[in-house]
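Please look at the sequence and the model before reading on.

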Amino acid sequence: MLSINQLVATKVLQLRHEHLKKITGKEPKLWSEITEFDEYTIITIVIPTRGCSWALSEYGGCSVCGYVNDSSRDLSIPIPTILSEIETLLIKTETDRYVILKIFNSGSFFDESDVPRNLRENITKLIQKYPHCSQLSVESRSEYVINYSNIIEATKKAIKPAILEVGIGLESSNNSILRDCWNKGMRVSDYEQAVHILRKIGVKIKTYIFVKPPFLTEYEAIIDSISTIDHAISQGTDLISINPCSVQNGTLAHYLFKKDRYQPPWLWSILFLVSTTKKKYPQIKLICEPTAGGKPRGTHNCGECDKKVLRYIKDMIDNQPVPSDYSKICTCVVRWHTLITSPIELFRTTKLSKLR
Ligand code: SF4
Ligand SMILES: [Zn+2]
């Protein structure tokens, strides 16, 4: 069900319009990569379809998301070009290994105004044609799962024995935070319903959790992410993807960042979240690949220890040993600790960047 804070949505929309106007005419690009791991291969392809309908709606989309900047809006990349690129990647990976095809359209795969039916159905046919592909991973907002469960079920059947995985952005299990901070346009119950449907169909579920929206302090963001992870796991998600927010052009987060009223989360917060989740749920598959990690617009620390902490986050995910005393990694952990343990009011009026 649509849940809107009109003040926030109006600002998000205004910023979105201004930015999209600025980049009108920018050539959309197909981007792809093949990554080989010991036991499996991942094909990742970003297809610049029309763009997320929520971002292009009269409510402007999520407050931190700039994916629509890279979409075509008018679908100027022809469908045969997209299909031929996917086929080339599938041919290149014809091995006995487990091959995962990850398709990102920066919106919802089951939204036909974003991904036309013709394109979606032909992708399904390609997976039938190349049975070495063992998994198709796509993304969708909850409402398209709820409204098009029949299409999801048909897709799952059509690609069998390959597995279908659907990623859904939950971001927060708190309705007020979803509405006032993320401008997510959905309620927690929509996510719950979508997960229920996917479980019934037998689809693998990945839940995305963005960390630290505008208007939350570092501490509030950590607490909210912990309860959101708890909630997603209680609903039966198979994977959790922890995504620290980065500052993307044309978003509310960018607008506030320029005024020094928004800072992406510290890497310490992300390390803490990963470690807490690992300890609480050792059986859950966790992903955390920070965008712009260590850069000013991404999750970062003091600048001296960023690379090290990014590596420790990866090690922790891979069950490798990580020092338990963070002060031995870098002394800036003391500043982070002061930030999250001090009275919240202090940091509502303090420029966070000055604390780093
Ligand atoms: S986060 Fe997802 S739902 Fe929100 S605007 Fe971006 S693509 Fe759309
Ligand atoms: Zn440091």
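Strand 4 and its neighbours

Q: How many bridges join strand 3 to strand 4?
A: This is a predicted model. Strand 3 covers residues 98-104 and runs parallel to strand 4. One pair in this contact is Ile100 with Gln135 of strand 4. The number of bridges that join the two strands is 4.

Q: Which helix makes a β-α-β unit with strand 3 and strand 4?
A: The unit takes in strand 3, a helix and strand 4, and is right-handed. The helix spans residues 117-129 and is helix 3.

Q: Which residue of strand 5 is the bridge partner of Ser137?
A: Strand 5, residues 163-169, pairs with strand 4 in the parallel sense over 5 bridges. Within strand 5, the bridge partner of Ser137 is Glu165.

Q: How many residues of strand 4 are buried?
A: Strand 4 runs over residues 133-139, which gives 7 residues, and is mostly covered. A residue counts as buried if 20 or more other C-beta atoms lie within 10 Å of its own. In strand 4 the number of buried residues is 5.

Q: Which strands are the edge strands of the sheet?
A: The open sheet has 8 strands in the order 1-2-3-4-5-6-7-8, with mixed pairing. An edge strand here pairs on one side only. The edge strands are strand 1 (31-36) and strand 8 (285-287).

Note on methods:
Residues numbered from 1 in each chain as written. Chains lettered and ligands numbered in written order. Predicted model: local features only at pLDDT ≥ 70, side-chain atom pairs only at ≥ 80, totals over all residues. Buried ≥ 20, exposed ≤ 12 C-beta atoms within 10 Å, placed from the backbone. Pairing = 2+ DSSP bridges. Right-handed = clockwise from strand over helix to strand, strands pointing away.
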